[in-house]
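Reader: I am new to this structure. Please take me through one part of it closely.

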Amino acid sequence: MIAVSNLRKTFLSGDEQVQALRGVDLEIEKGECTFIVGPSGSGKSTLLYLMAALDRPTSGSISIDGCELTEMKEVEQDAFRRAKIGFVFQQFNLIPNLDAVGNVLLPFIPTGIDEVLVARAKFLLQQVGLGHRMGHRPSRLSGGQQQRVAIARALVKEPVVLLADEPTGNLDRNGGDEIFEILREQQRSRGLTLVVVTHDRRFIQDRDHVIEIQDGKIATSEDGLFDREPIVYNPA
Ligand SMILES: Nc1ncnc2c1ncn2[C@@H]1O[C@H](COP(=O)(O)OP(=O)(O)OP(=O)(O)O)[C@@H](O)[C@H]1O
Ligand SMILES: [Mg+2]
């Protein structure tokens with residue numbers, strides 16, 4: 001579903017060049033649950049943003065669902081992202097003066113909203129456990145509830161790929177557990193390809209695909225990272 005090859009991203013920060021990604025290769029199968037882990041500043045968010053076509057790489061290629069992102073024009077990338085990719089941010093990014101339904105429907109504001117879409121938004125809010133909060137604005141929702149709205153918003157376009165950057169980073173332990181339950185449930189029932197950047201290894205389960213990044217590159221077992229921090233599946 002996703003194939004990344006020799007991906008490089010260099011940022012210019014003043015006079016200084018920051019090599020955030022230094023030749024990343026990876027493949028992610030359709031319907032897989034993949035975790036991207038690694039130290040702060042290693043390039044995890046940069047990689048996820050490039051896969052979401054939210055930014056362009058310096059060089060290399062990214063193919064998603066058979067389409068090469070780097071060969072697309074800006075407008076084509078926008079259309080591709082709108083149709084195929086759902087994105088969940090750490091900071092929820094909800095609009096304060098819209099209620100939950102309005103926030104879920106946000107991706108359709110440019111193209112128009114009809115009754116079918118409103119019904120879909122409400123159904124999704126029910127699925128993420130917010131059937132009783134549909135008319136609430138973000139300020140009247142807890143952090144975990146706001147993130148559920150954001151997940152419903154990412155799913156309303158019926159994407160093939162769902163990308164999440166530290167989706168539980170602003171939540172307490174219980175809130176984080178609930179968000180992961182919802183992400184996994186949606187991934188299973190929709191056959192979604194789910195890619196999550198996280199610091200928290202307790203969410204990783206046996207069959208998950210784990211990609212470890214260190215200093216802008218995929219870490220191999222020779223780097224000793226896998227030995228130092230074993231991945232433990234805690235079913236509790
Ligand atoms: N827009 C930017 N301009 C300049 N440098 C950037 C920019 N975005 C990221 N970087 C740099 O690229 C490197 C990788 O950043 P990135 O945000 O991808 O790390 P990360 O693994 O997501 O870290 P964290 O776990 O803290 O979120 C860092 O050194 C960062 O400072
Ligand atoms: Mg990050």
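Reader: Is T58 buried or exposed, or something in between, and why? Please look closely at T58 and the loops around it.

Author: T58 counts as partly exposed in this predicted model, because it has 14 C-beta neighbours inside 10 Å. A buried residue would need 20 or more, and an exposed one 12 or fewer. T58 sits in the loop between helix 1 and strand 4 (59-64). Set aside its neighbours within four places in sequence, and T58 is in contact with R8, K9 and T10. Q19 is 39 residues away from T58 along the chain, yet their C-alpha atoms are separated by 9.8 Å.

Now take A53. It lies in the loop between helix 1 and strand 4. A53 counts as buried, because 24 C-beta neighbours fall inside 10 Å. Its backbone deserves a look too. Most residues other than glycine have a negative phi. The phi of A53 is positive, near 60°.

D65 also has a positive phi, near 50°. This residue is in the loop between strand 4 and strand 5 (67-68). D65 is partly exposed, because 15 other C-beta atoms lie within 10 Å.

Helix 1 leads on to ligand 1. Helix 1 (44-51), strand 1 (2-13) and strand 2 (16-28) each supply at least two residues of the shell around that ligand. Helix 1 gives the most, with three residues. The residues around ligand 1 include F11, S13, V18, G41, K44 and T46. By class, the shell has eight polar, three nonpolar and one charged residues.

Definitions and conventions: Residues are numbered from 1 along each chain as its sequence is written. Chains are lettered from A and ligands numbered from 1 in the order in which they are written. This is a predicted model: local features need pLDDT of at least 70, side-chain atom pairs count only at pLDDT 80 or more; totals for chains, interfaces and linings use all residues. A residue is near a molecule or strand if its C-beta atom, placed from the backbone, lies within 6 Å of it. Helices (H or I, at least four residues) and strands (E, at least two) are DSSP runs, numbered from the N terminus. Ala, Val, Leu, Ile, Met, Phe, Trp, Tyr, Cys and Pro count as nonpolar, Asp, Glu, Lys and Arg as charged, and the others, Gly among them, as polar. Two residues are in contact if their C-beta atoms, placed from the backbone, lie within 7 Å.
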